[in-house]
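Here is a friendly note to read alongside the model. Please keep the structure open and find each residue as you come to it.

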Amino acid sequence: MSKVGFKHSPKSLAKMVVKQRSRVPALATRLYDRIEFDPNGGCWLWTGAMPTHTGYGTITIGGQTIGAHRASWEIHHGALPDGLHVCHKCDVRACVNPDHLFLGTPADNIHDMMVKGRANPKRGDSHASRKLHSSDIPAILARLADGESCRCIADSYGVTDCAINAIRRGKSWRHITFFDSDQGVRGANNSAHEVAA
Ligand SMILES: [Zn+2]
């Protein structure tokens, strides 16, 4: 009988771990074959397959296509826990430098997630910003417009950079932001300023 809250039984989990470990050498060969070092930011830029609409590199192994950055995480840190995303500190989607990657989720703070051991966060961008208040959004947008990195802004609010990136891309807090296509920037609309005042 499977226990509520666990997606996999211990037996199937053990099988999965063994299978994933055994593919690491092959994954590493593929990954290191297709890397260009960026001396400026220290990024390891993936030069292999990359579906244009995502900006993320991909590696196909054993009939399964996975993100190159996810492959890098698996090689250097081990199998990915269910439901977690591999995020970029450097905001460069093609980067596979393990030092530039961290585990995150659009739904929860990473630390909170690990402490509670939850594996299936709820989907939905609204959860990404639950530690943020509408009054924070104008300041965040202003900092983004100034060219500050998502990571840096995220740190100052204690949220993941995925959460800040979601605001930048208009995936969350859309009700109080607008996108200026002439300038190519996202800004806060009037109601957001009222909330902030
Ligand atoms: Zn990087």
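**Notes on the model**

1. Let us start with a pair of strands. Strand β3 (residues 58–61) and strand β4 (residues 64–67) run antiparallel and are joined by four bridges. Strands are DSSP runs of E of at least two residues, helices are runs of H or I of at least four, and both are numbered from the N terminus. Two strands pair if DSSP finds at least two bridges between them. At one place threonine 58 stands opposite glycine 67 in β4, and at another isoleucine 61 has glutamine 64 of β4 as its bridge partner. The two strands form a hairpin with two residues between them, and in that turn glycine 62 has a positive phi of about 55 degrees.

2. A word on the source. This is a predicted model, in which local features need pLDDT of at least 70 and side-chain atom pairs count only at pLDDT 80 or more, while totals for chains, interfaces and linings use all residues. Residues are numbered from 1 along each chain as its sequence is written.

3. Now the overall picture. The protein's secondary structure comes to eight helices and eight strands. Of its 197 residues, 28% count as buried. Buried means that 20 or more other C-beta atoms lie within 10 Å of the residue's own; exposed means 12 or fewer, and partly exposed is in between, with C-beta atoms placed from the backbone. Among contacts between residues at least 6 apart in sequence, 52% join residues at least 24 apart. Here a contact means two C-beta atoms, placed from the backbone, within 7 Å.

4. Which residues of α7 are buried? Helix α7 (residues 161–168) is mostly covered, with eight of its eight residues buried. They are Asp161, Cys162, Ala163, Ile164, Asn165, Ala166, Ile167 and Arg168. Just after α7, glycine 170 takes a positive phi of about 75 degrees.

5. Next, look at where α7 meets another helix. The axes of helix α6 (residues 150–157) and α7 come within 8 Å and cross at roughly 115 degrees. Axes are lines fitted to C-alpha atoms, for helices over the stretch in contact, and angles run from 0 to 180 degrees between N-to-C directions. This crossing of α6 and α7 is right-handed. The contact is made by Cys150, Arg151, Ile153 and Ala154 of α6 and Asp161, Ala163, Ile164, Asn165 and Arg168 of α7. By class, the residues of this contact are five nonpolar, one polar and three charged. Ala, Val, Leu, Ile, Met, Phe, Trp, Tyr, Cys and Pro count as nonpolar, Asp, Glu, Lys and Arg as charged, and the others, Gly among them, as polar.

6. Here is another helix pair. Helix α2 (residues 24–33) and helix α3 (residues 68–77) have axes that come within 10 Å and cross at roughly 130 degrees. That makes α2 oblique to α3: angles under 35 degrees count as roughly parallel, over 145 as roughly antiparallel, 65 to 115 as roughly perpendicular and the rest as oblique. α2 passes α3 in a left-handed crossing. A crossing is left-handed if the near helix is turned anticlockwise from the far one by less than a right angle, and right-handed if clockwise. Val24, Leu27, Ala28 and Leu31 of α2 make the contact with Ala68, Ala71, Ser72, Glu74 and Ile75 of α3.

7. Two loop residues deserve a look. Both aspartate 91 and arginine 93 sit in the loop between β5 (85–88) and β6 (101–104). Most residues other than glycine have a negative phi. Aspartate 91, though, has a positive phi near 65 degrees. Why does arginine 93 count as partly exposed? Arginine 93 does so because it has 16 C-beta neighbours inside 10 Å. Not counting residues up to four places away in sequence, arginine 93 touches Gly55, Tyr56 and His88.

8. Finally, find glycine 48, in the loop between β2 (44–46) and β3. Leaving aside neighbours within four places in sequence, glycine 48 is in contact with Arg34, Gly57, Ile59 and Ala68. Glycine 48 and leucine 31 are 17 residues apart in sequence, and their C-alpha atoms are 8.5 Å apart in space.
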